[in-house]
Amino acid sequence: TRVNVGSAPYKVAVTPDGTKVYVTSFYNTVNVIDTATNTVIATLNVDSTIESAFEVAISPDGKKAYYINDYDDIVSVIDTATNTITATITAGSYLPVVFTPDGTKAYIADDNISVIDTVTNTVTATVPVGSDPSGFAITSDGNKAYVTNRGSNNVSVIDTITNTVIATVPVGSDPSGLAITSDGKKVYVTNSGSNNVSVIDTVTNTVIANVPVEQEPIKCIVL
């Protein structure tokens with residue numbers, strides 16, 4: 001099946017129950033697909049001053065979609081039941097929204113990390129990290145967040161309770177992506193500038209191994 005979602009579709013997010021797919025485009029729209037019928041059931045026009053590609057993420061409970069306007073530093077909150085925009089939040093724009101497992105907080109990066117309360121849809125804290133934050137992941141218990149800083153060649157470790165950086169871990173050159181094991185014991189960081197993957201022990205927040213890989217690794221996934 002092919003579903004017509006208009007020009008230049010870019011990013012996709014699926015609700016946890018698998019009933020809806022949210023597709024962004026370069027032209028400031030979000031199309032919502034019903035997976036039972038594979039048809040577009042809603043199209044949202046999201047304001048932006050510049051046409052560009054945008055990110056979208058679904059909250060863990062599936063009730064909200066968070067759409068990032070990259071150049072405007074605005075996050076639009078979409079009610080997935082009505083497919084209407086219910087709030088706009090001034091926040092960062094570099095990273096897609098990442099949620100804590102309980103869905104009470106959402107994190108988004110610009111030069112710093114903005115922490116969003118998903119109940120009130122307000123920024124409750126701003127956490128300074130290193131230069132050019134890129135990858136972001138949260139441990140399964142929700143207690144720590146790890147951020148790769150491409151310009152600083154390190155990883156910031158954030159305590160999600162206090163929203164403070166509790167450690168800075170030197171890694172390879174130009175770290176971009178990262179992934180955390182399901183037990184929360186290890187973080188794998190791709191270093192595209194040094195062609196390796198750093199393995200961080202989350203107890204000590206130190207690098208315990210560097211694994212050589214192919215040229216310029218960008219992202220990694222832990223199964």
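Biologist: Which residue is the bridge partner of Ile200 in strand 20?
Modeller: In this predicted model, Ile200 has Val207 of strand 20 as its bridge partner.

Biologist: How many bridges link strand 19 and strand 20, and in which sense do they pair?
Modeller: Six bridges, in the antiparallel sense; strand 19 covers residues 196-201.

Biologist: OK, and what sheet are those two in? What's the strand order?
Modeller: An open sheet of four strands, ordered 17-18-19-20 and with antiparallel pairing. From one strand to the next, the twist averages 25°.

Biologist: Which strands stand at the edges?
Modeller: Strand 17 (175-180) and strand 20 (206-212) do. Each has a single partner strand, so one side of each has no neighbour in the sheet.

Biologist: What actually holds paired strands together, in general?
Modeller: Strands of a sheet pair through backbone hydrogen bonds, and the pairing can be parallel or antiparallel.

Biologist: Switching topic to strand 2. Is it enclosed or open, and why?
Modeller: Largely enclosed by the rest of the structure, because six of its six residues are buried.

Biologist: And which way do its side chains point?
Modeller: Lys20, Tyr22 and Thr24 go one way, while Val21, Val23 and Ser25 go the other, and all are buried.

Biologist: What does strand 2 pair with? Start with strand 1.
Modeller: Strand 1 (residues 9-14) pairs with strand 2 over four bridges, in the antiparallel sense.

Biologist: How many residues sit between strand 2 and strand 3 in their hairpin?
Modeller: Three. Asn28, in the turn, has a positive phi of about 60°.

Biologist: Where's Phe26, then?
Modeller: Phe26 is in the loop between strand 2 (20-25) and strand 3 (29-34).

Biologist: Why does Phe26 count as partly exposed?
Modeller: Because its relative accessibility is 35%, and partly exposed covers the range between under 20% (buried) and over 50% (exposed).

Biologist: Last one: which residues form the nonpolar patch with Phe26?
Modeller: Tyr10 and Tyr27. Together with Phe26 they put about 300 Å² of accessible area on the surface.

Terms used: Residues are numbered from 1 along each chain as its sequence is written. This is a predicted model: local features need pLDDT of at least 70, side-chain atom pairs count only at pLDDT 80 or more; totals for chains, interfaces and linings use all residues. Side-chain values use heavy atoms; hydrogens and water are left out. Two strands pair if DSSP finds at least two bridges between them. Axes are lines fitted to C-alpha atoms, for helices over the stretch in contact, and angles run from 0 to 180 degrees between N-to-C directions. Patches are made of residues with over 30% relative accessible area and no salt bridge: like charges are joined within 9 Å, nonpolar side chains (Val, Leu, Ile, Met, Phe, Trp, Tyr) within 5 Å. Accessible areas come from the Shrake-Rupley method with a 1.4 Å probe; for residues, only the protein chains shown count as cover. A salt bridge is a side-chain nitrogen of Lys or Arg within 4 Å of a carboxyl oxygen of Asp or Glu. Buried means under 20% relative accessible area, exposed over 50%, partly exposed in between (1.4 Å probe, protein chains only).
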